[in-house]
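Here's a quick tour for anyone meeting this structure for the first time. Have a look at the sequence and the model, then read on.

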Amino acid sequence: MNKSELQQQDREHLLHPFTDFHELGEQGTRVITGAEGVYITDIDGHKMLDGMSGLWCCNLGYSRREISDAIYEQLNTLPFYNSFFQCTTVPSIELADALAAVAPAHMNNVFFTGSGSEANDTNLRIIRRYWDLMERPEKRIVISRKNAYHGSTIGGASLGGMSGMHKQFQALDYIEHIQQPYWFGEGGDMSPEEFGVYAARCLDEKIQELGPENVAAFIAEPIQGAGGVIIPPETYWPEVKKVLDQYGDILLVIDEVIFGFGRTGEWFGADYYGMQPDLMTFAKAVTNGYFPLGGTMVGDRVAEVIKAKGGEFTHGYTYSAHPAACKAGLATINILRNEKIIENVRENTAPYLAKRWAELADHPIVGEARSLGLVGALELVKDKSSRARFDDKCTAGGVCRDLSIKNGLVMRATGDTMIIAPPLILTKEQVDELVEKARRALDDTAKALA
Ligand SMILES: *Cc1c(COP(=O)(O)O)cnc(C)c1O
């Protein structure tokens with residue numbers, strides 16, 4: 001089939017996730033056919049630097065035979081067996097052990113799922129089970145944040161705080177949303193430091209409003225990813241810690257689906273910010289995107305209760321701890337460790353990206369250029385001093401994304417915020433290429449919008 005035939009069949013039969021079908025019908029999909037290292041190629045032979053690591057998952061790029069070989073070998077040995085009803089497989093034990101070794105010291109147990117959304121549903125089940133076993137059944141409410149992304153199942157989407165999603169389904173009624181720490185968009189006249197404290201105090205205010213005896217947990221991404229790479233002010237996480245420590249009996253869930261496995265230059269975002277979560281959601285990069293796998297790391301205070309008290313935990317998925325997925329996870333962790341990928345991000349690539357990315361702040365249509373580890377964001381504005389956008393339909397973001405892809409760099413637009421999360425194996429030369437292509441996309445966008 002040629003490109004237009006493929007696009008035609010795609011239109012007729014494939015319902016895509018997070019897609020405007022009308023738009024897709026008019027433009028047709030981009031057909032990606034190959035990848036090597038940090039580059040992807042489409043059906044026209046157009047090669048692009050993948051500034052998004054697929055969908056935040058291919059942190060080691062696209063050419064790791066160790067991972068695909070490990071999956072293939074497992075499929076030819078024991079392609080499937082479940083871990084229900086007191087059964088297990090060797091790869092699932094090995095991966096649980098490896099995860100306990102890289103996770104924060106107090107997290108020694110894992111519950112496997114097939115995705116990040118499922119893992120957040122699992123978190124809701126574990127939170128409820130824990131408080132029931134603690135004989136605190138009134139602790140039911142989970143606090144999350146506006147504009148958070150925690151997945152797309154009913155549980156995940158209810159935890160998430162994206163208004164566009166909430167308009168299209170009925171959310172669970174025991175989840176409450178508070179202010180996000182988005183200084184550029186919502187900080188007004190406050191300094192970033194003041195705003196960070198303010199956003200964290202909103203958690204305390206909500207706990208007081210609901211009654212601490214009713215609050216089961218608080219969930220947050222270390223840095224909001226899909227929401228627009230929202231790097232909280234430095235004061236935010238220390239103040240959240242203060243609030244939670246003051247109560248002592250509100251569980252902390254950190255959703256590490258994007259930041260787990262090295263994106264900040266530490267194994268987990270929780271390590272970067274010095275937080276001690278009770279539950280830690282992971283997925284995406286755990287297998288380098290080579291096989292679907294997710295899960296939640298469970299801290300000792302929760303795991304001990306769930307394991308010690310009798311009675312079955314009536315929760316699980318057929319593909320929890322799928323042996324081939326676990327092999328993919330093991331191969332990925334081995335590469336991260338053996339090749340010191342995360343150390344290299346921390347010591348070399350992240351500081352270099354920070355320096356080069358910050359240069360983009362001088363561009364006439366950039367209101368802010370921020371980065372941390374290997375993520376970055378650019379706020380597109382019409383007027384730098386007032387932070388005014390071009391329009392309220394986020395035209396600029398879409399225009400910039402399309403021009404960037406045309407120039408050979410995959411950036412994503414979240415509204416008028418351009419975001420990147422390139423593979424962790426990016427070299428300094430590739431950082432230069434990324435920044436130069438991003439600048440060209442900004443120039444072209446400014447011209448197109450003039
Ligand atoms: C992608 C994502 C999820 C959902 O993961 P899926 O594997 O798509 O279900 C959850 N949380 C965060 C922070 C994510 O970025």
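The radius of gyration used here is taken over C-alpha atoms, and the globule rule is 2.2 Å times the number of residues to the power 0.38. For 450 residues, that rule puts a compact globule near 22 Å, and the protein chain agrees because its own value is 22 Å. Keep in mind that this is a predicted model, where local features need pLDDT of at least 70 and side-chain atom pairs count only at pLDDT 80 or more, while totals for chains, interfaces and linings use all residues. Residues are numbered from 1 along each chain as its sequence is written, and side-chain values use heavy atoms, with hydrogens and water left out.

**The whole chain**

- The protein chain holds 17 helices and 15 strands; helices (H or I, at least four residues) and strands (E, at least two) are DSSP runs, numbered from the N terminus.
- Along its principal axes, the C-alpha trace spans about 65 × 60 × 45 Å.
- Of the 450 residues, 54% are buried, where buried means under 20% relative accessible area, exposed over 50%, and partly exposed in between (1.4 Å probe, protein chains only).
- Take the contacts (heavy atoms within 4.5 Å) with a separation of 6 or more: 71% of them come from residues 24 or more positions apart.
- The 44 positive and 61 negative charges have mean positions 1 Å apart. Here Lys and Arg count as positive and Asp and Glu as negative, while His and the chain ends are not counted; each charge is placed at NZ of Lys, CZ of Arg, CG of Asp or CD of Glu.

- Strand β3 (residues 47-50) runs parallel to β13, joined to it by two bridges, and L49 sits opposite L409 of β13.

- Strand β12 (residues 375-380) is largely enclosed by the rest of the structure, because six of its six residues are buried.
- V375, A377 and E379 point one way from β12, while G376, L378 and L380 point the other way.
- On one hand, β12 pairs with strand β11 (residues 366-372) in the antiparallel sense over six bridges, with S371 partnering G376.
- The hairpin of β11 and β12 has two residues between the strands, and G373 takes a positive phi near 55° there.
- β12 also pairs with strand β15 (residues 417-420), again antiparallel, over four bridges, and E379 stands opposite T417.

**Two residues to look up**

- G156 lies in helix α7 (residues 154-159) and counts as buried because its relative accessibility is 0%.
- Beyond its neighbours within four places in sequence, G156 contacts D121, H150 and G151.
- R64 is in the loop between α3 (53-56) and α4 (65-77), and is buried with a relative accessible area of 14%.
- Not counting residues up to four places away in sequence, R64 touches N288, Y290, I335 and E339.

Technical notes
Pairing = 2+ DSSP bridges.
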